[in-house]
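I opened my notebook to look up a few things in this model, one entry at a time. Come along and check each one with me.

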Amino acid sequence: MVTLIQVSIYGLVLWLGCYLISRDLSSWRLRFAGLALISYGVNVGLMAFNLSDSLAYLRLFLIWLPPIFWLGAVIESMPEDKRIGQRLQWMIRYGLISLAIGLVILSITIDSLILPLLSGLIDGAVVWIIVLCALMAMLFTTLPIYLTIAYAPINSPKRLNYLMILFSFFLAGSYFLLILSPILNNILILWISADLLMLGTIIAVWDAMDAGESLVPDMLRSFTSSFLMVVIVVGQVLLIMPDASDTKFLLILMLITTVIVVVTFEIPIQNRLDRVIFSRFPAIRQQRKDLRMAEAITIRRVEHPILTDEAEFIRYTRRAISSYGDLTKLATSPLTHLPIIQQRLAQRNAHDDTLERAKELKALLTESIMRLKPNGADFGTSDEWRYFNALYFPYVVGLKPYSLRVFVDDLDGAYRDALTWFRSQVPERTLYNWQNAAAMLIAQDLRERK
């Protein structure tokens, strides 16, 4: 019974973690939330084994991976205009990942080298490890609360949601102390798992709401496909190997992991396989990619979105501008249902399908952004240029002004002047504010154009 519960929790947590990451491979919020769930699932899987003393100590370090990744998810969930600088944010992202990798390496080192040398002092080492775990639990469960409350807008309707979610996060963090007890309560595991699954689901809901996408059909398809494949594959193993052993249990966990990863990441895996298999047939490769993209868009797309709410319309416009270079994200935007999109498609006798609507929306955004440009030179730094510069160069041109990988010497003309101006005269938070203000103008322009 215990093994069945642990296997079920492992499968659910692993699936949701992989699903969050696969929803948007470029979203750091979804990455951190998914890694938190996956690392927790790994710890649940380890609980089912009869670990030796040294491996048990190894799990004491691995168990800190979920709060590290949840901290990253909380930071990435902050409002865009309240975020820290891009360079500092980049350092935090990779710093958290480096900390997680460091803990894994440290745990392996302690398990293989240090613990054998401390065999005579093992009781004292256990006491210090417990104290260290308690201090880390306090840090990683309270710091996200203070950060999010500090950065959440005072008048934002999501402020209460932040507090409630982080309160649940704080309660979930308490298991790091309780789990050190020699008696492991299965009810406690179920409660913690339910709390983490709820947090992961809320992150998915937030992402779908921000993008104006439909969540339930896509989530249901992914869960059903993963569940059926796991039952089919694991069921055969249970029929062939009815005896209970650690080897059988490990094989079951490996099969569950393989099936869930393959099903949830089906589209990127297929795209990469096509690059190899159809390397000499680019037309076939592109057609297969377009078909898979159209299928994914059909599931996530809202058929009849309501675009009368001004605040939501501005948010959708801001999201569409941010996704300017990604047709897949543009295709799921509710703005593709604007009447002007259908009219423009009819005028040029184009097919009224998902990809054509996304292309037309991109062209429409380009025209609206270009209407912000003052007459005259190619580039200017006066106040009348700031909204155009804030949208045109980062999104239409694709210039990343604060990226460490972009060098002034690699550019010329207006692009070089723009990069120098952004870095020397425009703070990152100011750029965010300009982009939000410009998005409001673009949204108004889209409403008025017929």
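**Entry 1: D218.** I looked up D218 and asked: is D218 buried or exposed? D218 is buried, because its relative accessible area is 4% and buried means under 20%. I also noted that this is a predicted model.

**Entry 2: partners of D218.** Next I wanted to see what the side chain of D218 meets. Side chains of opposite charge can pair when their charged atoms come close. I found a salt bridge between D218 and R221, at 3.4 Å from N to O. These two sit 3 residues apart in helix 10, which means about one helical turn separates them. R221 is partly exposed, with a relative accessible area of 32%.

I then found that the side chain of D218 also meets R23 in a salt bridge, again listed at 3.4 Å, N to O. Which parts does this pair tie together? D218 belongs to helix 10 and R23 to helix 1, so the pair links parts that are 195 residues apart in sequence. I checked burial too: both D218 and R23 are buried.

**Entry 3: R292 and D274.** I moved on to another pair. R292 forms a salt bridge with D274, and their closest N and O atoms are 2.6 Å apart. R292 is in helix 13 (residues 282–300) and D274 in helix 12 (residues 266–277), so this pair ties together parts 18 residues apart in sequence. Both R292 and D274 are buried.

**Entry 4: the network.** Which residues do salt bridges with shared partners join into one network? I wrote down R23, D207, E213, D218, R221, R300 and R319. My count of salt bridges comes to 16.

Entry 5: L12 is found in helix 1 (residues 2–23). L12 is partly exposed, since its relative accessible area is 34%.

**Entry 6: S323.** Last, I looked up a loop residue. S323 lies between helix 14 (310–322) and helix 15 (327–331). Is S323 buried or exposed? S323 is buried, because its relative accessible area is 8%. Leaving out residues up to four places away in sequence, I saw that S323 touches K329 and L330.

Technical notes. Residues numbered from 1 in each chain as written. Predicted model: local features only at pLDDT ≥ 70, side-chain atom pairs only at ≥ 80, totals over all residues. Heavy atoms only, no water. Helix = DSSP H or I, 4+ residues; strand = E, 2+ residues; numbered from the N terminus. Buried < 20%, exposed > 50% of the residue type's maximum accessible area, 1.4 Å probe, protein only. Contact = heavy atoms within 4.5 Å. Salt bridge = Lys/Arg side-chain N within 4 Å of Asp/Glu carboxyl O.
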